[in-house]
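Good morning, and thank you for coming.

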Amino acid sequence: MGVGLSASPVQAASNDVWIYDSIMLLAKEGYMDMPEKPLNAYSKKELGQMVAQALLEFEKNRTGSLADEYGRISRLLVVDEVQLKLAKEQEREAESRIKSARSKAAKDTEMYVRRSMQGQNRLEVMQPLKEKSDSSLRKIEQASRDYAQAKSRVEQRAKMLDYVRKRQQDLLTGLSGTGQTSGSDVQISTTSGYGESTVAGGYNGSVVPSSVLDTVGRLRAEFLPELDENGSLDSMNARQQLESNMPVEDVPDQQLKLDAEVRYDVRYSSGADSGESRQRARARLYPDYNIDNNWHAIGMLEWEKAFTGSGDDKDGKLKLDRYYLSGNVGIAHMDLGAFGSTMAEGNIYDSKFMGVRVQAGEPVKYTLEYGKAAKDKIEQSYDFTISYQGAVYRVEGGFYHFKRRDENSQDIYMANYHHNIGLLDAGAMLLYGRNKGESGKTGYVFTLGYTPQNSWQPYTFSSWLKYYYQPSSTYVSHTMNAMVDNMRYDKNDSFNRNGGFKGWGIGINYNLPAAWTLGLEFYRLQDLEYGRRSNTIWFAVTKSFQNYHE
């Protein structure tokens with residue numbers, strides 16, 4: 001800016017030097033044009049015009065660009081606080097995984113080395129042990145790498161977050177002017193620009209010097225507008241998140257979740273114990289209300305209608321068939337109310353249970369149910385099961401008691417073993433049942449199943465094949481869609497001493513797009529008392545709905 005000379009120039013008194021220095025600093029900082037002449041050649045009025053222009057430009061900058069940057073840095077602060085929170089969740093998950101992997105690797109490796117030192121070096125003995133040990137060691141290696149990445153990521157995030165907070169405070173100080181003094185002791189300084197950064201690419205296997213980390217953090221905050229404009233900030237966060245394979249905690253996205261299904265099924269049976277064939281429509285609604293992120297109020301509304309064949313007491317009615325509270329109490333999970341119970345994979349009982357269920361333990365799981373099975377003339381029920389889930393197998397045992405109103409009772413003992421064989425799951429269940437006042441009888445169920453990992457996806461199928469031998473004392477209300485209840489009770493609904501069934505069943509489920517599912521089952525059974533046969537074909541089409549996304 002060109003400023004004209006005054007008729008009465010200001011003398012350069014010693015107390016005017018700080019004014020000249022301040023004006024020159026503002027000019028150098030770009031808040032005004034450089035003066036064409038020495039400042040002592042301008043009048044007081046002309047210097048006032050210069051100061052006014054500089055202050056106006058400064059105020060525009062201070063309330064414009066500085067305020068904009070404060071807004072952007074505040075937004076970045078929120079994003080980075082969330083990133084740090086999730087990184088800490090990933091670190092906790094990684095630490096849990098490495099502890100579990102270390103324990104399993106030590107156990108499997110000890111078994112392999114111990115057998116080797118004992119001289120059991122036969123191929124059929126050592127090869128499976130070696131493969132199991134190698135697999136566990138690979139898992140501990142991967143878990144350790146994940147933990148190192150997660151821990152490094154948390155440290156980087158925490159340090160970078162400090163830079164953003166410092167930068168935000170510096171900007172606020174600059175906006176308010178609280179960082180300056182007044183009078184002849186004025187000190188005009190600029191802030192170096194602290195900022196927070198996430199190192200692009202995250203942990204790369206090498207040690208990152210602290211000085212480099214600091215420099216990256218300051219540069220990111222200093223060039224925040226440019227980085228924000230060209231999308232670099234989003235790219236950095238996306239790249240680091242893609243590198244991490246640690247899950248984060250499941251935070252419910254809504255308080256009330258609804259699942260629903262509508263099903264049309266057809267059952268056709270033939271033989272002496274066939275019963276009526278039937279066509280039926282059924283609709284179910286499953287509400288799940290999250291009370292406090294622990295306790296849930298869960299229910300099931302059901303409506304069904306038989307088009308051919310006789311219906312039951314639910315036919316044509318809307319009923320609240322399940323209603324219970326579900327939540328954790330200490331180390332145990334508890335269900336209270338009327339919930340569904342599937343005992344021994346449904347080979348003993350599969351229907352509503354009214355009472356309490358408590359589950360606890362990992363990897364050994366304990367389950368206790370006490371109350372009443374929703375079966376006519378049953379007054380009291382309780383059962384207790386213990387199960388252990390290994391890497392490729394599952395073993396469990398249980399005891400089930402049913403007391404009837406006529407003082408008769410039924411006790412059932414169960415032992416079950418499942419083992420993965422490639423893509424298949426093979427199982428064998430042993431059942432021993434005894435009615436009060438009678439000798440016990442033994443039954444069993446053999447299973448061969450196929451359920452792929454992506455079985456929920458469209459155009460995938462799962463299937464099972466079972467062989468049953470179950471005297472009437474080994475089950476109460478079976479899960480299958482065949483006529484086994486006709487082989488369980490006589491016409492007076494009393495215990496059938498010699499009743500029960502044997503035979504085989506096969507089932508296939510096939511998924512279609514838009515949550516449609518097809519189901520087909522076939523059973524060929526024989527009554528154990530009279531030797532009469534029963535064949536059943538069951539087909540269903542099911543459509544599922546939900547008001548949330550997993």
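Which side chain meets that of Glu396 in a salt bridge? The partner is Arg394, at 2.9 Å from N to O. By salt bridge I mean a side-chain nitrogen of Lys or Arg within 4 Å of a carboxyl oxygen of Asp or Glu. Glu396 counts as buried because its relative accessibility is 15%, whereas Arg394, at 23%, counts as partly exposed. In these terms, buried means under 20% relative accessible area, exposed means over 50%, and partly exposed lies in between, with a 1.4 Å probe and protein chains only.

A word on the source. This is a predicted model, in which local features need pLDDT of at least 70 and side-chain atom pairs count only at pLDDT 80 or more, while totals for chains, interfaces and linings use all residues. Residues are numbered from 1 along each chain as its sequence is written, and side-chain values use heavy atoms, with hydrogens and water left out.

The protein chain has 550 residues, of which 35% count as buried. Its secondary structure comes to 6 helices and 16 strands; these are DSSP runs numbered from the N terminus, with helices being H or I of at least four residues and strands being E of at least two. Among contacts with a separation of 6 or more, 57% are between residues 24 or more positions apart, where contact means heavy atoms within 4.5 Å.

I return to the salt bridges, of which the count comes to 16.

Another bridge is formed by the side chains of Arg284 and Glu302, at 2.6 Å, N to O. Arg284 belongs to strand β2 and Glu302 to strand β3, so the pair ties together parts that are 18 residues apart in sequence. Arg284 and Glu302 are both buried.

There is also a network of salt bridges, which links Arg263, Asp265, Arg280 and Glu304. Arg263 is found in strand β1, residues 256-271, and counts as buried because its relative accessibility is 13%. Beyond residues up to four places away in sequence, Arg263 touches Arg280, Ala281, Arg282, Trp538, Ala540, Val541 and Thr542.

Helix α3, residues 123-176, also holds Ser136. Ser136 is buried, with a relative accessible area of 3%. With neighbours within four places in sequence left aside, Ser136 is in contact with Lys104, Ala105 and Asp108.

We come to the nonpolar side chains. In soluble globular proteins, nonpolar side chains tend to be buried together. A nonpolar core here is a set of buried Ala, Val, Leu, Ile, Met, Phe, Trp, Tyr and Cys residues joined through side-chain atoms within 4.5 Å. How many residues does the largest nonpolar core have? It has 28, and those with the most contacts inside it are Ile348, Tyr400, Phe402, Tyr468, Met480, Phe501 and Leu525. Elements that give two or more residues to this core include β5 (332-343), β9 (393-404) and β15 (516-527). Apart from it lies another core, of 9 residues, among them Leu84, Ala87, Val154 and Leu171.

Glu362 and Pro363 are joined by a cis peptide bond, with omega about 5 degrees, and Pro363 lies in the loop between β6 and β7 (364-373). Asn293 has a phi near 65 degrees, a positive value in a residue other than glycine, and lies in the loop between β2 (278-290) and β3 (296-308). Asn293 counts as exposed because its relative accessibility is 63%. Tyr459 likewise has a positive phi, near 65 degrees; Tyr459 lies in the loop between β12 and β13, and counts as exposed at 57% relative accessibility.

Thank you for your attention.
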